[in-house]
Amino acid sequence: MITIHFQPRKNYFLFCANPSCQLENRKQMIRTTFVFLLLIQFTAAVSFAQPQKAEADILSLMQQTPVMGLSVAVVKGNKIVYSKALGLKNAETRTPLSATDMFRIASISKSFSATAIMQLVEKRKITLDDDVSDLMGFKVRNPQFPETIITLRMLLSHTSSLNDSEGYFSLDAINPSVNINWQNCYNSYEPGKRYQYCNLNFNMVGAIIEKRSGERFDCYVPDHILKPLDLYGGYNVNELDENRFARLYEYNTDSAKFIYSATAYAARKEEIANYKTGYSTPIFSPTGGMKMSAPDLAKYMMMHMSYGKVKGKKRIISKRSSRLMQTPLSGKEYYGLALLKTTKLIAGETMTGHTGSAYGLYSAMFFEPNKKFGIVVISNGCHPAYENGYNAVIRKTVNILYDAIVRGSTL
């Protein structure tokens with residue numbers, strides 16, 4: 001960080017009848033003006049150099065490591081101070097990626113589902129300690145601990161003792177009246193005692209949102225979260241501009257080639273036509289199906305960074321609800337309610353947020369609510385190697401942006 005201290009003399013403009021004194025004052029004024037202009041030029045040069053360095057370092061990373069495309073956004077205070085898209089949106093047509101392009105952001109979507117739940121809690125339509133069996137309409141109990149209630153709070157914090165071994169794209173997986181192997185959905189420890197990440201948890205959460213709100217999931221989140229924040233996105237691809245979708249690509253390390261993931265934005269029109277509210281919800285994937293651009297995701301992040309409200313916008317959730325989402329309950333990454341805290345992403349910083357990975361995409365949304373900065377990074381395809389618990393490309397990009405934009409000189 002470069003810091004300049006400038007202390008102007010305080011007696012330049014004292015009246016003096018002596019002509020030589022007046023001349024000296026004029027000379028001092030000229031010197032002061034000259035130094036001030038240099039300071040302005042230097043400040044502008046440093047401010048311009050910060051985004052230049054970020055872009056150059058990201059491009060260098062993309063040359064060293066296979067990356068299809070990257071879209072990034074940085075927030076400081078209450079505004080986006082940097083946004084950039086690099087690489088390709090479509091490898092087949094060689095179409096460049098743009099900042100307005102949208103991605104299926106994967107598991108960052110879970111925070112939208114949890115935010116919706118907190119809205120319903122505030123409206124007293126539900127409580128976090130409600131029995132999931134009562135909410136779902138079929139028995140949700142670990143057979144090894146039949147007397148232990150599995151609560152909504154446990155679903156949101158991945159402490160329910162559920163797993164994804166029977167799949168999570170349909171609630172049939174855990175429904176005893178449909179799946180004879182439903183018991184496989186439960187681990188051998190008591191609910192509430194341990195953490196295990198489980199996508200089924202949040203597809204159930206989506207169904208609960210429908211049951212208690214009376215609205216279909218793909219309508220509830222846009223109407224109650226996105227629109228009040230002036231964000232464009234959603235879960236139903238049939239209602240979004242498909243021309244804005246960035247194609248997703250999985251990188252095959254054996255062949256060293258990117259493979260197009262054709263099903264990432266599947267329309268699923270037949271399933272939607274036969275939709276059963278409160279049960280068919282996994283069609284829209286509350287666990288990972290949100291489609292959104294990096295800048296709009298950054299605006300959503302600002303809401304959580306400011307504990308439930310963006311300046312000039314409608315409050316989405318209360319401060320209490322927002323703080324509760326960000327309060328760790330368990331897990332190696334100190335998971336709260338669809339938001340986690342980590343010290344492994346940026347050295348010396350405790351960040352709050354979530355990652356995502358699906359169909360070759362990798363994403364990250366992390367912020368520091370006390371220091372008021374946050375970073376969003378989304379790749380529509382990159383090398384899958386991990387580093388310190390995070391996709392290496394995503395982690396390195398986050399740190400490039402942190403060093404160049406967040407910690408960059410402030411004059």
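This is a predicted model: local features need pLDDT of at least 70, side-chain atom pairs count only at pLDDT 80 or more; totals for chains, interfaces and linings use all residues.
Strand β1, residues 69-76, is joined to β12 by seven bridges, and the two run antiparallel.

How many residues of β12 are buried? Seven of seven, across residues 373-379, so the strand is mostly covered. Phe373, Ile375, Val377 and Ser379 point one way from the strand. Gly374, Val376 and Ile378 point the other way, and the residues on both sides are buried.

β4, β8 and β5 make an open sheet of three strands, in the order β4-β8-β5, with antiparallel pairing. β4, residues 103-104, and β5, residues 233-234, are at the edges with a single partner strand each, so one side of each has no neighbour in the sheet. Between β4 and β8, the latter being residues 291-292, there are two bridges in the antiparallel sense. Arg104 has Lys291 of β8 as its bridge partner.

Which residues of α6 are the buried ones? They are Phe217, Asp218, Tyr220, Val221, Pro222, Ile225 and Leu226. The cover over them includes the strands β5 and β8, together with the helices α2 (109-122), α5 (199-213) and α8 (294-305).

Now the largest nonpolar core. In soluble globular proteins, nonpolar side chains tend to be buried together. The core in this model has 116 residues, and those that touch the most other members are Phe112, Leu152, Met204, Leu297 and Leu401. Helix α10, residues 392-406, supplies the largest share of the core, with nine residues.

Take Leu152 from that group. Setting aside neighbours within four places in sequence, Leu152 is in contact with Ile117, Ile126, Thr127, Leu128, Asp130, Val132, Leu135, Val205 and Ile208.

A buried serine is worth a stop as well. Ser322 is in helix α9, residues 319-325. Is Ser322 buried or exposed? Its relative accessibility is 0%, so Ser322 counts as buried. Beyond its neighbours within four places in sequence, Ser322 has contacts with His304, Tyr307, Gly308 and Ile317.

Last, the largest pocket. Rolling a probe the size of a water molecule over the atoms shows where empty space is left. The largest pocket holds about 540 Å³ of space. Its lining consists of 29 residues, and those nearest the centre are Ser107, Tyr197, Thr355, Gly356 and Ser357. The elements giving two or more residues to this lining are β10 (351-358), β11 and β14 (390-391). Which element gives the largest share of the lining? That is β10, with five residues. By residue class, the lining of the largest pocket has 13 nonpolar, twelve polar and four charged residues.

Terms used
Residues are numbered from 1 along each chain as its sequence is written. Side-chain values use heavy atoms; hydrogens and water are left out. Two strands pair if DSSP finds at least two bridges between them. Helices (H or I, at least four residues) and strands (E, at least two) are DSSP runs, numbered from the N terminus. Buried means under 20% relative accessible area, exposed over 50%, partly exposed in between (1.4 Å probe, protein chains only). Contact means heavy atoms within 4.5 Å. A nonpolar core is a set of buried Ala, Val, Leu, Ile, Met, Phe, Trp, Tyr and Cys residues joined through side-chain atoms within 4.5 Å. On a 1 Å grid over the protein atoms alone, a cavity is a set of points where a 1.4 Å probe fits but cannot get out, and a pocket is an open set with protein on both sides within 12 Å along at least five of seven lines; lining residues have an atom within 4 Å of a point. Grid points are joined across faces, edges and corners, and a volume is the space filled by probe spheres set on the points. Ala, Val, Leu, Ile, Met, Phe, Trp, Tyr, Cys and Pro count as nonpolar, Asp, Glu, Lys and Arg as charged, and the others, Gly among them, as polar.
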